[in-house]
Amino acid sequence: MSAEHFDVLIIGAGLSGVDAGWHLNTYAPKKTYVILENRERIGGTWDLFRYPGIRSDSDMLTMGYRFKPWTHPSAISPGDAIREYVTETAREAGVDRHIRFRHNVISAAWDSATARWTINATKRDDAGKETGVTYTANFLFSCAGYYRYSAGYTPDFAGRDRFKGTVIHPQHWPEGFSYDGKRVIIIGSGATAVTLLPNMARTAAHVTMLQRSPTYYVSRPEKDWLANLLRRILPASWAYAIPRWRNILFQRFFFNLSRKKPQQTAERLVQGVADLLPKGFDVKTHFTPSYNPWDQRLCLVPDADLFQAISAGKADVVTDHIDTFTEKGIRLKSGKELEADVIVTATGLQLEMIGGVKVSVDGKPVEWGKTFTYKGLMYSGVPNLASVFGYTNASWTLRADLICEWVTRLLNHMDEKGVQIATPVLNDTNIKTDPWLDFSSGYVQRSLSMLPKQGPEAPWRQNQNYFADIKEMRKSPIDDGVLHFSKASSEAASTLKRAAE
């Protein structure tokens, strides 16, 4: 039986996958496409994470789709509201009809002679039994995010097996788990930890956030007063656009200020935290990072809930290194022992490319660490493949929208030229090499060797600037002399091989 064929195969039915489907429906309506989703529901990240208080770490006025107004009263929104928003978008646009759930993509092999991808996946039935399925597609579009869904990152803690209580990673929160009246230690200080602490502190006996080093935090109201006011007096599109652009401009202004005046920005951020904590609190030890703002992502705290829990005595912060787990909790390098009934390892993610799919081009496996990223969405020597990777200094969806729009422009341009293959070709073998992600966060540093590289300038550099991306991805021509176009043929394989060398 021949494999089912589509013009575009999309991996993932989360925020980005639905975005991609909407753009194909709108700007390339003649293209056939399918979305393969490993999970049983729409939502991606917002379906995977179920830990207490799961919420957005960006305001939803900028993390929402540009074409679909966010109307929930909370701008820093609970996770279930985000999943419903994505689901509603898919339903209204008819994207949901293209989704096939319980499909786990295993491999994708490109053949230049036919200009097609062959995608192998497994399909699960209601009983969990898996069967192999195969598709072919002209274009592969990964919207699977950037981290491994199957497992988060947990260090090898000494003595972990000795602990008599419960150890949980937030990425796999047990359904119905009760921590009422229990002593909790949360290891970590990132977005997950600062979400968990105030939510668990409401019913736990006590919550301790154990961190190796401090993080920068900024508190913002959960509800945006301007957006909620305008929603009552203006059409939905206007009421959404005005505060959305205000937030986009403020994000850019604050990032630029952080880069130009890092010391002053750091002092203001630390002082902002000090103002929300009891007088005499040791802010220098627990809330004064050793790095500059935006060397790692800032953590957003809605309505100062983290600091309120600490001020009320329901929670505290300990800055130290772990020596070993014990039967009763954790012993620190300082010799102090923290007792707990529950330990939550909010220790980060494991990054992976293209959802962990094994990708090959004309029989040769793609080694992502040896590729260069083209516009932050395609890869040198890899034809007809794009992926969504958002901003590290702003909301993910701002860039996802632009990428999805650019991909439809590319597909339409290829049709106009009568070509089947588009490949970014790096001609300068001596190009200066920089990491794809200029972030000091542990989850990035652990994965640098398997991530693509980037060059010093466009198009071999991913902008961290929404306004520059609007110009580069919406206004600049598709045929830029770097993206090479060709027709399916046996000669195309040899040409592509030379381009990849």
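User: Where is G181 placed, and why is G181 called exposed?

Analyst: G181 sits in the loop between β7 (166-168) and β8 (183-187). Strands are DSSP runs of E with at least two residues, helices are runs of H or I with at least four, and both are numbered from the N terminus. The relative accessible area of G181 is 53%. Exposed means over 50%, buried under 20%, and partly exposed in between, with a 1.4 Å probe and protein chains only. At 53%, G181 is therefore exposed.

User: What kind of model is this, and which residues count?

Analyst: This is a predicted model: local features need pLDDT of at least 70, side-chain atom pairs count only at pLDDT 80 or more, and totals for chains, interfaces and linings use all residues. Residues are numbered from 1 along each chain as its sequence is written, and side-chain values use heavy atoms, with hydrogens and water left out.

User: Which residues does G181 touch, and what separates G181 from P477?

Analyst: Leaving aside residues up to four places away in sequence, G181 touches T203, A204 and A205. Contact here means heavy atoms within 4.5 Å. P477 is 296 residues from G181 along the chain, and 61 Å separates their C-alpha atoms.

User: What makes W225, L229 and I233 a patch?

Analyst: Patch residues have over 30% relative accessible area and no salt bridge; nonpolar side chains (Val, Leu, Ile, Met, Phe, Trp, Tyr) are joined within 5 Å, like charges within 9 Å. W225, L229 and I233 form a nonpolar surface patch with about 360 Å² of accessible area together. Such areas come from the Shrake-Rupley method with a 1.4 Å probe, and for residues only the protein chains shown count as cover. L229 belongs to helix α6 (residues 225-233). Its relative accessibility is 32%, so L229 is partly exposed.

User: Why are α11 and α13 called roughly parallel?

Analyst: Two packed helices are described by the angle and the distance between their axes. The axes of α11 (residues 396-417) and α13 (residues 466-475) cross at roughly 10° and come within 9 Å. Axes are lines fitted to C-alpha atoms, for helices over the stretch in contact, and angles run from 0 to 180 degrees between N-to-C directions. Under 35 degrees counts as roughly parallel, over 145 as roughly antiparallel, 65 to 115 as roughly perpendicular, and the rest as oblique. The two helices, α11 and α13, are therefore roughly parallel. Residues making the contact include L398, R399 and L402 of α11, and Y466, D469 and I470 of α13.

User: How do you know that the side chains of R399 and D469 meet in a salt bridge?

Analyst: A salt bridge is a side-chain nitrogen of Lys or Arg within 4 Å of a carboxyl oxygen of Asp or Glu. For R399 and D469 the N to O distance is 3.1 Å, and the pair is a salt bridge. The two residues are 70 apart, R399 in helix α11 and D469 in helix α13, and the pair links distant parts of the chain. R399 is buried at 0% relative accessible area, and D469 is buried at 1%. Elsewhere, salt bridges with shared partners join R39, R41, D47 and R50 into one network.

User: How many salt bridges are found in the whole structure, and what do K31 and D415 tie together?

Analyst: The search finds 25 salt bridges in the whole structure. One of them joins the side chains of K31 and D415 at 2.8 Å, N to O. K31 lies in the loop between α1 (15-27) and β2 (33-36) and D415 in helix α11, so the pair ties together parts 384 residues apart in sequence. K31 is buried at 16%, whereas D415, at 47%, is partly exposed.

User: Why is H413 called buried, and which residues does H413 touch?

Analyst: H413, in helix α11, has 17% relative accessibility, so H413 counts as buried. Beyond residues up to four places away in sequence, H413 touches I478, D479 and F485.

User: What is the phi of A304, and what is the phi of K375?

Analyst: A304 has phi near 55°, a positive value in a residue other than glycine. A304 is in the loop between β11 (299-302) and α10 (305-311) and, at 8% relative accessible area, is buried. K375 is not a glycine, yet has a positive phi of about 60°. K375 lies in the loop between β19 (373-374) and β20 (378-379) and is buried at 4%.

User: What is the peptide bond from A458 to P459, cis or trans?

Analyst: The bond from A458 to P459 has omega near 0° and is cis. P459 is in the loop between β24 (453-454) and α13.
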